[in-house]
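Okay, thanks for coming, everyone.

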Amino acid sequence: MHYFEYKNGQLYAEEIPVADLVREYDTPLYIYSAKTFRRHFQAFDSAFEGINHLTCYSVKANSNLCILKLLAEMGAGMDIVSGGELFRALRAGVDPQKIVYSGVGKRAHEIQEALMADILMFNVESQQELLKINQVAQDLDKTARISLRINPDVDPQTHPYISTGLKKNKFGLAMDQALETYKLAKELSNIEPIGIDCHIGSQLTSIDPFLDALTKVLNFYEKLKDMGLDIKYLDLGGGLGITYKEEEPPHPAEFGRALSERLKDYDLKLILEPGRVIAGNAGILVTRALYTKKTEIKNFVIVDAAMNDLVRPSLYGSFHRIAPVIQTDRPMQKVDIVGPICESGDFLAQDRELPEIKPDELLAVFSAGAYGFTMASQYNSRTRAAEILVDGEEVTVARRREVYFDLVALEDGCF
Ligand code: LLP
């Protein structure tokens with residue numbers, strides 16, 4: 001059962017025709033399905049119900065407050081990577097004791113804010129960062145609960161930009177360095193090491209790399225126990241992939257079973273940080289065709305959404321399924337779907353088979369709920385798209401469309 005479905009030849013978002021939403025809210029338009037978010041979170045979280053666990057949704061995937069609130073109401077924790085994401089999570093009503101803070105470059109004020117909020121723990125990625133957290137905690141007379149992020153050197157077999165658990169990546173600490181750093185952590189006055197963390201990459205379509213990483217982390221955990229550390233949490237990060245085209249990632253239930261099986265005899269609370277698997281297929285981007293243009297070798301459809309709205313195709317060469325909002329039986333054509341931005345890299349699809357598109361027609365770009373709006377910019381002084389949340393027949397403006405004033409509102413220094 002899908003909540004973005006064609007009925008009588010036109011695309012619906014839950015109970016509402018997408019064309020009606022566009023009439024009201026214009027394009028480019030992000031549309032999210034509340035029921036899909038709930039279903040995905042539920043499916044993921046319940047996959048681990050046999051073991052002690054906490055699902056911390058990865059805020060970077062889609063950080064709209066309405067989405068965070070919806071998930072918080074279902075009991076989700078959050079994985080954050082900045083003071084800004086902390087601010088959002090707290091504003092959305094997330095329990096601070098369910099917040100974990102990852103990332104290689106936490107600033108002193110961000111550490112301070114997280115300590116003041118009393119988050120569950122910091123996932124620490126270097127020795128210098130650990131010392132900084134200790135110092136900030138000391139100044140505040142607080143104790144920082146931490147995990148160290150291990151880099152297990154496992155190949156996640158995904159796009160190089162979103163692989164994180166390889167030796168050459170900037171993330172985490174190699175095992176031997178991590179051991180040294182745990183020794184240091186044990187001695188620091190305002191640090192309490194309570195966990196062990198790893199995240200090997202994103203859009204993984206097989207369970208094996210997760211299991212390889214888990215094996216390494218569990219071996220490492222034994223060493224920490226021998227050192228006398230009281231490790232209570234094992235954070236395995238996010239990374240479970242979704243279907244954009246023909247990928248066949250494991251279902252969360254299968255993923256949950258495999259991990260639970262490995263962990264059932266350990267006295268550890270498992271933390272997971274899923275982002276894409278919750279948000280990716282819970283959102284679409286709707287765009288309008290402006291013009292078509294034929295050259296000697298290409299058919300271009302120029303649309304009103306661009307790489308500033310959805311950068312994934314330009315940045316990673318990612319595939320997003322695209323289809324007309326109102327189905328048509330016009331003959332198929334091979335086209336490039338491109339935006340108005342002044343860069344040849346500004347495309348949503350290349351050499352795509354689509355029915356012939358006419359100006360003013362609406363196109364839906366699927367699987368745009370994760371890393372879509374959160375990676376949007378104002379490049380070419382384009383106002384960012386509106387985001388709306390559909391729940392059955394109900395519509396909420398989750399973020400109003402930006403207006404020109406939003407483009408310049410912070411730039412009044414020279415007037
Ligand atoms: N935890 C950590 C520490 C992460 O760095 C990430 C993603 C996640 C969790 C969530 O991973 P997910 O479950 O969503 O795969 N912009 C890229 C994806 C970047 C992922 C960065 N880290 C894209 O559009 O494909």
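Predicted model: local features only at pLDDT ≥ 70, side-chain atom pairs only at ≥ 80, totals over all residues.

So, the ligand: 19 residues surround it, the closest being Ser202, Glu273, Arg312, Tyr316 and Tyr371. Numbering runs from 1 along each chain as its sequence is written, and side-chain values use heavy atoms, leaving out hydrogens and water.

What's the make-up of that shell? Five residues are nonpolar, eight polar and six charged; here Ala, Val, Leu, Ile, Met, Phe, Trp, Tyr, Cys and Pro count as nonpolar, Asp, Glu, Lys and Arg as charged, and the others, Gly among them, as polar.

Now some polar contacts, meaning pairs of N or O atoms within 3.5 Å. Asp79 has a side-chain N or O atom 3.3 Å from a ligand nitrogen. Gly275 uses a polar backbone atom, 2.9 Å from a ligand oxygen. And Arg312 puts a polar side-chain atom 2.6 Å from an oxygen of the ligand.

Why does the ligand lie between the two domains? Because domain 1 (4–32 + 281–408) and domain 2 (34–279) both give residues to its shell. Those bounds come from an automatic or database domain assignment.

On to cysteines. The whole structure has zero disulfides, a disulfide being a pair of cysteine sulfurs within 2.5 Å. For Cys56, the nearest cysteine sulfur belongs to Cys198, 15 Å away. Is Cys56 buried or exposed? Buried, at 0% relative accessible area, whereas Cys414 is exposed at 67%. The cut-offs are under 20% for buried, over 50% for exposed, and partly exposed in between (1.4 Å probe, protein chains only).

Last, the rings. There are ten aromatic pairs, with ring centres within 6.5 Å. Phe44 and Phe48 make a tilted one, 5.4 Å centre to centre with 45° between the planes; under 30 degrees would be stacked, over 60 edge-to-face. Phe44 is buried at 2%, and Phe48 at 0%. Elsewhere, ring pairs join Tyr30, Tyr32, Phe37 and Phe373 into a cluster.

Key. Near = heavy atom within 4 Å. Polar contact = N/O pair within 3.5 Å; in protein donor to acceptor, adjacent residues only side chain to side chain. Phe/Tyr/Trp six-rings, centres within 6.5 Å; stacked < 30°, edge-to-face > 60°.
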